[in-house]
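I opened my notebook to look up salt bridges and helix packing. My entries follow in the order I made them.

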Amino acid sequence: MMRAAEIRRSFLEFFASQGHEIVPSSPLVPRNDPTLLFTNAGMVQFKDVFLGLDKRDNPRAVSVQRCMRAGGKHNDLENVGYTARHHTFFEMLGNFSFGDYFKRDAIRFAWTLLTDVFKLPPERLWVTVFEEDAEAADIWLKEIGVDPARFSRIGAKDNFWSMGDTGPCGPCSEIFYDHGPHIPGGPPGSPDEDGDRYVEIWNLVFMQYDRDASGKLTPLPKPSVDTGMGLERLAAVLQGVHNNYDTDLFQPLIQAAAQLAGRRYGDDPKMDVSLRVLADHIRACSFLITDGVMPSNEGRGYVLRRIIRRAIRHGHKLGLRDTFFYRLVAPLCEHMGEAYPELVAARQDVERVLTLEEERFNETLELGLKHLDDVIAQMGGTIIPGDAVFKLYDTYGFPVDLTADIARERGLAVDEAGFEAAMAEQKSRSRAAWAGSGEVKSEKVYHDLRARMQPVEFLGYERLDAEAAVV
Ligand code: ATP
Ligand code: MG
Ligand code: MG
Ligand code: MG
């Protein structure tokens with residue numbers, strides 16, 4: 001079995017041996033990019049290089065980038081706990097060419113790594129290209145020799161990438177892994193592709209054009225490559241499991257959470273969802289705080305607060321009543337600390353912030369849940385009315401997605417438009433309510449913490465050689 005630590009290292013070493021510079025992960029909060037909530041892909045730190053605004057000495061790079069997809073354009077929060085493959089926080093393995101190699105080498109590198117280095121049987125892989133990209137199709141079918149029976153041409157929605165409305169863009173080619181016929185779901189491009197049988201593991205983006213404001217595409221003089229592969233999904237494949245949560249990246253956290261709750265993972269599917277949510281959310285929250293995000297009522301800080309509250313509610317479902325969430329920071333540091341020493345350095349701050357948030361939310365969680373039960377008992381139909389969702393938000397501190405998460409468990413939905421309307425109407429009153437619920441005290445603590453915490457410095461890969469000697 002290949003442990004996640006070995007997978008990270010093999011990926012970096014493979015591309016280093018092909019002339020790529022190993023570049024450290026940048027923080028979850030993008031530097032100098034207010035347009036982006038969180039770093040959501042490996043290419044984010046290279047945006048200016050792709051735009052031609054910045055230049056690197058080496059036109060090839062490789063990284064293991066920590067990413068967040070909760071809020072903003074990419075939001076996978078509500079999938080967490082329910083699909084085998086989505087997380088809020090995950091690590092993206094990526095290789096990049098800045099005007100250097102293009103499709104032929106990018107495809108060859110990916111195929112060689114997967115089939116030669118990681119020894120994946122080609123008959124378990126499925127490849128897609130953009131339907132108009134005959135060049136990529138030829139490379140896959142004629143040069144690599146991929147079986148046409150496991151190959152499809154896909155439309156722009158999934159297989160054409162762009163940085164924004166204008167600027168660099170181009171076709172993608174994606175590689176999927178077939179977890180086998182015992183799992184429901186059809187191949188990419190088929191009507192039932194949404195199942196979990198074929199899991200997308202790697203996305204190769206060929207930045208080939210520059211799009212202007214009128215939508216016209218002009219070929220770039222020096223096309224580039226940006227790729228991203230989810231470490232957690234690859235780990236599942238290489239560890240012979242279907243679900244990412246059954247890998248060594250998550251099992252120690254799930255076991256730690258199960259132990260706190262006095263339960264066993266696998267005993268009860270509903271409780272298992274909550275255990276997976278806790279394992280996901282402790283990673284997301286700890287890395288956000290490590291990277292300098294503090295809970296607040298807007299922007300990045302509100303995403304963090306929402307994730308913390310969602311975690312606490314799932315802990316409550318598991319029967320956990322005292323502050324518990326911060327206790328998962330120790331097992332997280334134990335298992336991720338080697339790859340991310342900055343996490344270990346921030347450990348006490350992370351625990352402190354989580355404890356404060358939890359103490360505060362515990363004051364209203366129980367009452368809010370009771371209120372929600374009353375509302376559900378009295379309402380007709382399956383939609384929780386917007387004013388009730390707003391009251392839960394305003395009086396009990398329930399973020400909308402938390403109420404939606406509870407609704408989903410009971411086969412209900414929330415009236416989001418009604419919530420937004422109630423919110424707009426009572427905006428000034430809600431501010432007063434927030435201030436009254438302990439806001440001032442914890443805001444000061446967060447302010448002080450933020451001032452004291454050093455900008456995050458990445459130390460991870462320096463351990464690469466030392467670690468290599470151990471394994
Ligand atoms: P999906 O279609 O499964 O949602 P995606 O097409 O949105 O994935 P990309 O934007 O292409 O994903 O990101 C590159 C790679 O990052 C994916 O192929 C996948 O391996 C991984 N990845 C994307 N989103 C997540 C997530 N929420 N959790 C874990 N891994 C992810
Ligand atoms: Mg997605
Ligand atoms: Mg996809
Ligand atoms: Mg993709």
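**Entry 1: salt bridges**

I looked up Asp-178 and found a salt bridge to Arg-197, with the closest N and O atoms 2.8 Å apart. A salt bridge here is a side-chain nitrogen of Lys or Arg within 4 Å of a carboxyl oxygen of Asp or Glu. This is a predicted model, where local features need pLDDT of at least 70, side-chain atom pairs count only at pLDDT 80 or more, and totals for chains, interfaces and linings use all residues. Residues are numbered from 1 along each chain as its sequence is written, chains are lettered from A and ligands numbered from 1 in the order in which they are written, and side-chain values use heavy atoms, with hydrogens and water left out.

I then placed the two partners. Asp-178 lies in strand β7 (residues 167-178), and Arg-197 in the loop between β7 and β8 (198-211). They are 19 residues apart, so the pair links distant parts of the chain. Helices (H or I, at least four residues) and strands (E, at least two) are DSSP runs, numbered from the N terminus.

Is Asp-178 buried or exposed? Asp-178 counts as buried, at 10% relative accessibility. Arg-197 is buried too, with a relative accessible area of 18%. I noted the cut-offs: buried means under 20% relative accessible area, exposed over 50%, and partly exposed in between (1.4 Å probe, protein chains only).

Next I looked up Lys-103. Its salt bridge partner is Asp-133, with the closest N and O atoms 2.9 Å apart. Lys-103 sits in helix α3 (residues 103-117), while Asp-133 is in the loop between β4 (125-130) and α4 (134-144), 30 residues apart. Lys-103 is buried at 1% relative accessibility. Asp-133 is buried at 6%.

I stayed in helix α3 for another pair. The side chains of Asp-105 and Arg-108 meet in a salt bridge of 2.6 Å, N to O. Why are they about one helical turn apart? Because Asp-105 and Arg-108 are three residues apart in α3. An α-helix has 3.6 residues a turn, so residues three or four places apart point the same way. Asp-105 is partly exposed at 22%, and Arg-108 is partly exposed at 41%.

I searched the whole structure and got 27 salt bridges.

**Entry 2: α9 and α14**

Arg-310, Arg-313, Lys-317, Asp-405 and Glu-409 are linked in a network of salt bridges. I checked the helices here. The axes of α9 (residues 299-317) and α14 (residues 400-409) come within 9 Å and cross at roughly 35 degrees. Axes are lines fitted to C-alpha atoms, for helices over the stretch in contact, and angles run from 0 to 180 degrees between N-to-C directions.

Which residues meet? Arg-306, Arg-309, Arg-310, Arg-313, His-314 and Lys-317 in α9 meet Asp-401, Leu-402, Asp-405, Ile-406 and Glu-409 in α14. Contact means heavy atoms within 4.5 Å. These residues divide into two nonpolar, one polar and eight charged. Ala, Val, Leu, Ile, Met, Phe, Trp, Tyr, Cys and Pro count as nonpolar, Asp, Glu, Lys and Arg as charged, and the others, Gly among them, as polar.

**Entry 3: α8 and α12**

Helix α8 (residues 269-290) packs on helix α12 (residues 347-378) at about 115 degrees, with axes 9 Å apart. Ile-282, Cys-285, Ser-286, Ile-289 and Thr-290 of α8 contact Val-350, Val-353 and Leu-354 of α12. I counted six nonpolar, two polar and no charged residues.

**Entry 4: α13**

Helix α13 (residues 386-396) is mostly covered, with eight of its 11 residues buried. Among them are Phe-390 and Tyr-393. Just after α13, Gly-397 takes a positive phi of about 70 degrees.
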